Amino acid sequence: MQLNNPVLIGVFITSITAIASVITTLLTSLISTDSQTRRENKIWLRSELRNIYGGAIQSLATLLTLSSIESNMDIIEGAIVDAKKWLALSLIYFEPKQKKASKLFEEEIYLFISGQYKQFLINAKMKGFQPSEKYQGVNDVYGAADVMLKRIMEVAYQDKRL
């Protein structure tokens, strides 16, 4: 097929231009959709992290606030269970890029969640963390909760995704 006819040349050029235009529009749409999806995922993750860190902080703070009032044992036990739930969830969303910090934090959370408060406090002291004077020598759960509250606030502060 020869394109000596100006009409055929025009049709050919128009067809190529239309195909290139469709491909360009398709690529632009794909890039835009991908960008929007990533942005929405970041917003969703930020919201989830705020809920998780906030829930852990609130539960631990409730536990420590009510620690001096023995009549609130049901609420204290509920706060312990809640804190363990939020701490476990924080592991799911922990940033994998921080391998060393992740392993350390994972170990701390495991000890806390499993109720190994004495071992948690021993490990924390070796790393330079101590409970406030108010919680030293009282019940290990309160000292562990105090240290964990400090740790979760530190981890949340360092989380660049917030």
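Analyst: Start with the salt bridge: a side-chain nitrogen of Lys or Arg within 4 Å of a carboxyl oxygen of Asp or Glu. This is a predicted model, so local features need pLDDT of at least 70, side-chain atom pairs count only at pLDDT 80 or more, and totals for chains, interfaces and linings use all residues. Residues are numbered from 1 along each chain as its sequence is written, and side-chain values use heavy atoms, with hydrogens and water left out.

User: What makes Asp159 and Arg161 a salt bridge?

Analyst: Set the distance against the rule. The closest N and O atoms of Asp159 and Arg161 are 2.8 Å apart. The cut-off is 4 Å. The pair therefore counts as a salt bridge. Side chains of opposite charge can pair when their charged atoms come close.

User: How many salt bridges does this rule give?

Analyst: The count comes to seven.

User: Why are Asp159 and Arg161 called buried?

Analyst: Buried means under 20% relative accessible area, exposed means over 50%, and partly exposed is in between (1.4 Å probe, protein chains only). Asp159 has 7%, so Asp159 is buried. Arg161 has 18%, so Arg161 is buried too.

User: What joins Glu108, Arg151 and Glu154 into one network?

Analyst: Salt bridges that share partners do. One of the pairs is Arg151 with Glu154, whose closest N and O atoms are 3.2 Å apart. Arg151 is buried at 6%. Glu154 is partly exposed at 28%.

User: How far apart are Arg151 and Glu154 along helix α5?

Analyst: They are three residues apart, so about one helical turn separates them. Helices here are DSSP runs (H or I, at least four residues; strands are E, at least two), numbered from the N terminus.

User: How do you know that Asp146 and Lys150 form a salt bridge?

Analyst: Their closest N and O atoms are 3.3 Å apart. Both residues lie in helix α5, four residues apart, about one turn of the helix. Asp146 has 6% relative accessibility, so Asp146 is buried. Lys150 has 35%, so Lys150 is partly exposed.

User: Why are α1 and α2 called roughly antiparallel?

Analyst: Look at the angle. Axes are lines fitted to C-alpha atoms, for helices over the stretch in contact, and angles run from 0 to 180 degrees between N-to-C directions. Under 35 degrees is roughly parallel, over 145 roughly antiparallel, 65 to 115 roughly perpendicular, and the rest oblique. The axes of α1 (residues 6-65) and α2 (residues 73-92) cross at roughly 155° and come within 8 Å. The two helices are therefore roughly antiparallel.

User: Is Leu30 buried or exposed?

Analyst: Leu30 has 51% relative accessibility, so Leu30 counts as exposed. Leu30 is in helix α1.

User: Which residues make the nonpolar surface patch?

Analyst: Ile19, Ile23, Leu26, Leu27, Leu30 and Ile31 make a patch of about 620 Å². Patch residues have over 30% relative accessible area and no salt bridge; like charges are joined within 9 Å, nonpolar side chains (Val, Leu, Ile, Met, Phe, Trp, Tyr) within 5 Å. Accessible areas come from the Shrake-Rupley method with a 1.4 Å probe, and for residues only the protein chains shown count as cover.
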